[in-house]
Each structure stands twice: as structure tokens, then as C-alpha cells.
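Hi everyone, thanks for making time. Let me put the structure up on the screen, and then we can walk through it together.

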Amino acid sequence: MMTDEQFRRFAAGLSHVIWRLSSDGKRLIAPRWAEITGKKEHELQNDGWLETIHAEDRGKVHAAMRDAVVYGSHFQSDYRVRLRDGSYHWFHGRGEPVRGYRNELTGWIGVSSNIDDQRRAETALLEREAYLRMVIDAARVGTIDHDVVTGQVQASPMTLRLIGLPLGTNLTFDMVKQRVHPDDRAAFGTAAERAMAPDGNGEVEMVFRSQRPDGSIVWINAHGTYVFEGEGDTRRAVRFVGVAADVTGHMRGHALECRRRANLWLSRRG
């Protein structure tokens, strides 16, 4: 087995934080950890390394390490480390138990990698997705993703609200069709069939009425695109991705305007 000094020289020359921890979780060899945090190695002993971890993450890291000590299992956790300049960076740490000739636990050897850029990118993506959801909800626009092969449909909460189904409904395309007003159902089916035909262009745009369980009517403008696989005779639609918008107010306004013009025309005729 590599001696402590040999391990220290080996670990110091790597970009990742390579560490070795004693079986009781108290004695740590991690020269790179000391270097990036501005600490002395002796300051990291006896749980001193926990002081370099963000206070909000310290509890879960300590719990994960405690479980590893108790059960002799691997250690894994994400946490923020305070660097020597005072900034915090996200790290992912993983350690594997090391055992002796008689299978007794002698400690852990592990690596902690800086994943700050990855976490920042993930956070930015989540923020953009949350903003997009907020904009879509404000515009009363729902999204729909239909797996043509299985018939399953992934719908956003707004889509479910538009067709009068509770959140969490395990939606299928047949269920969607059942929500279409009976007078619009044939046209709805024809538009979908034409778009997803082997020689179809995949584009769908239609306005139809959705009848909710309470009898209320919602006018929906739906448009999207079918995704195809294969070529020629084997070409087939496998997926539909689209959006659905509530245009009830617009349709009512249009109907009132048509009625106003009709009344005006009749009054002039009279």
C-alpha cells in the first residue's frame, strides 16, 4: 500500500482533489484541499475539513460521511467549498472504502471535482425554464408532447386546465379526443390524420372547442408538428410536439362583432 507521504506527493500533482481518510473519519490527507482553501493540512484534521464547506451543506455532508463510517460504505455528496479567495464553488465528492487483508475497513480514498460551471449552467437552465413556464402560463398557452407509438401524452398543467382534467392525469390521445366538442371531433381527427400520413407535411393548426366535464366550452387554437421516422413507404409519424392556446375570448369577441354587423345590416335593410 502507498505510504502517506507517497500518497501526498501523488495527490498534490493532480488537478482534482484526491483525498484519503482514516477509518474513523478523523485523519485526512488532502494536499490539494489545503491548497485551494488556503488551509494547513493539520487544520483539516478532526472534522476541520467540514469548516471549509458551506454552512448550508455541512449537515448533509457530515451525515453522509457518518453513514459511510458506520456502514463501511462509499461516500458521495455535492457541496460548496470555500476557496482561499473567499468564494464558494460547487464540488462533487465520492469516496470508496479501502479494506485490509482480512477485509477490515482501513479508510476511504476519494476524489472531489469542481463542478461549479456545471451547477451554474444547470441553475441558469432551470431559471430560463421557470421563466418560460411563467410566460407560457401568463399567455394561457399549454404544451403537449404526444408519443404516437404508445399513445401517451405529456401535457403541461395549463393544457390539462384547458381541457378540464386534474393535474397529474395520465393522459392519452384518446382522452384528448374525448374532450373535443362532438361537432368538432371529426374535423379534429381529419386534421391529425392528414398531417401524420406517410405523405403528410406533419404540420397541424386548428381551432376547436373543448367541452369540459362541467359542460363549459373553451375554444382552443392548437398548432404543432409531427416528427417522422423512415423514408418512402416506411415513413411514419412517431411524435407530435405542439402548443395549445385559450382563444375563447377572441372567439367570443369575433362572434359579437359578427352579430353586430348582422344587426347593422338588418337595420339598414329595414
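Threonine 52 sits in the loop between α2 and α3. A word on those names: helices (H or I, at least four residues) and strands (E, at least two) are DSSP runs, numbered from the N terminus. Threonine 52 counts as buried because its relative accessible area is 0%, where buried means under 20% relative accessible area, exposed over 50%, and partly exposed in between (1.4 Å probe, protein chains only). Which residues does threonine 52 contact, leaving aside its neighbours within four places in sequence? They are Trp33, Thr37, Lys39, Leu44, Arg80, Val81, Arg82 and Tyr88, with contact meaning heavy atoms within 4.5 Å.

Before I go on, please keep in mind that this is a predicted model: local features need pLDDT of at least 70, side-chain atom pairs count only at pLDDT 80 or more, and totals for chains, interfaces and linings use all residues. Residues are numbered from 1 along each chain as its sequence is written, and side-chain values use heavy atoms, with hydrogens and water left out.

Now the overall picture. The chain has eight helices and ten strands. Of its 270 residues, 36% count as buried. If we take contacts between residues at least 6 apart in sequence, 41% of them join residues at least 24 apart. The accessible surface comes to about 16500 Å², and 53% of that belongs to carbon and sulfur atoms; these areas come from the Shrake-Rupley method with a 1.4 Å probe, and for residues only the protein chains shown count as cover.

Let's turn to the aromatic rings. Rings of Phe, Tyr and Trp (its six-membered ring) pair if their centres lie within 6.5 Å; planes under 30 degrees apart count as stacked, over 60 as edge-to-face and the rest as tilted. The count by that rule is six aromatic pairs. One of these is the edge-to-face pair of tryptophan 19 and phenylalanine 75, with 6.1 Å centre to centre and 80 degrees between the planes. Tryptophan 19 is in strand β1 and phenylalanine 75 is in strand β3, so this pair ties together parts that are 56 residues apart in sequence. Both tryptophan 19 and phenylalanine 75 are buried.

Tryptophan 33 and tryptophan 49 make another edge-to-face pair, at 6.0 Å centre to centre and 75 degrees between the planes. This pair links distant parts of the chain, 16 residues apart: tryptophan 33 is in helix α2 (residues 31-37), and tryptophan 49 is in the loop between α2 and α3 (55-71). Are these two tryptophans buried or exposed? Tryptophan 33 counts as buried because its relative accessibility is 4%, and tryptophan 49 counts as buried at 5%. Ring pairs also bring in Tyr79, linking Trp33, Trp49 and Tyr79 into a cluster.

Next, the cavities. On a 1 Å grid over the protein atoms alone, a cavity is a set of points where a 1.4 Å probe fits but cannot get out, and lining residues have an atom within 4 Å of a point. Grid points are joined across faces, edges and corners, and a volume is the space filled by probe spheres set on the points. How many cavities of 30 Å³ or more are there? The count is two.

The second largest cavity has a volume of about 70 Å³. Its lining is made up of Trp19, Leu21, Leu28, Trp33, Trp49, Met65, Phe75, Tyr79 and Ser112. β1 (17-22) and β3 (75-82) are the elements that give two or more residues to this lining.

The largest cavity has a volume of about 240 Å³. It is lined by 19 residues, and Ile144, Val176, Phe188, Ala222 and Phe240 lie nearest its centre. β9 gives the most to this lining, with five residues.

Alanine 192 is in helix α7 and is buried, with a relative accessible area of 7%. It touches Met206 and Tyr226, not counting residues up to four places away in sequence. The C-alpha atoms of alanine 192 and phenylalanine 240 are separated by 9.8 Å, while the two residues are 48 apart along the chain.

Histidine 181 is in the loop between α6 and α7, and is buried at a relative accessible area of 14%. Leaving aside neighbours within four places in sequence, histidine 181 contacts Arg209, Ser210, Gln211 and Ile217.

Methods: On a 1 Å grid over the protein atoms alone, a cavity is a set of points where a 1.4 Å probe fits but cannot get out, and a pocket is an open set with protein on both sides within 12 Å along at least five of seven lines; lining residues have an atom within 4 Å of a point.
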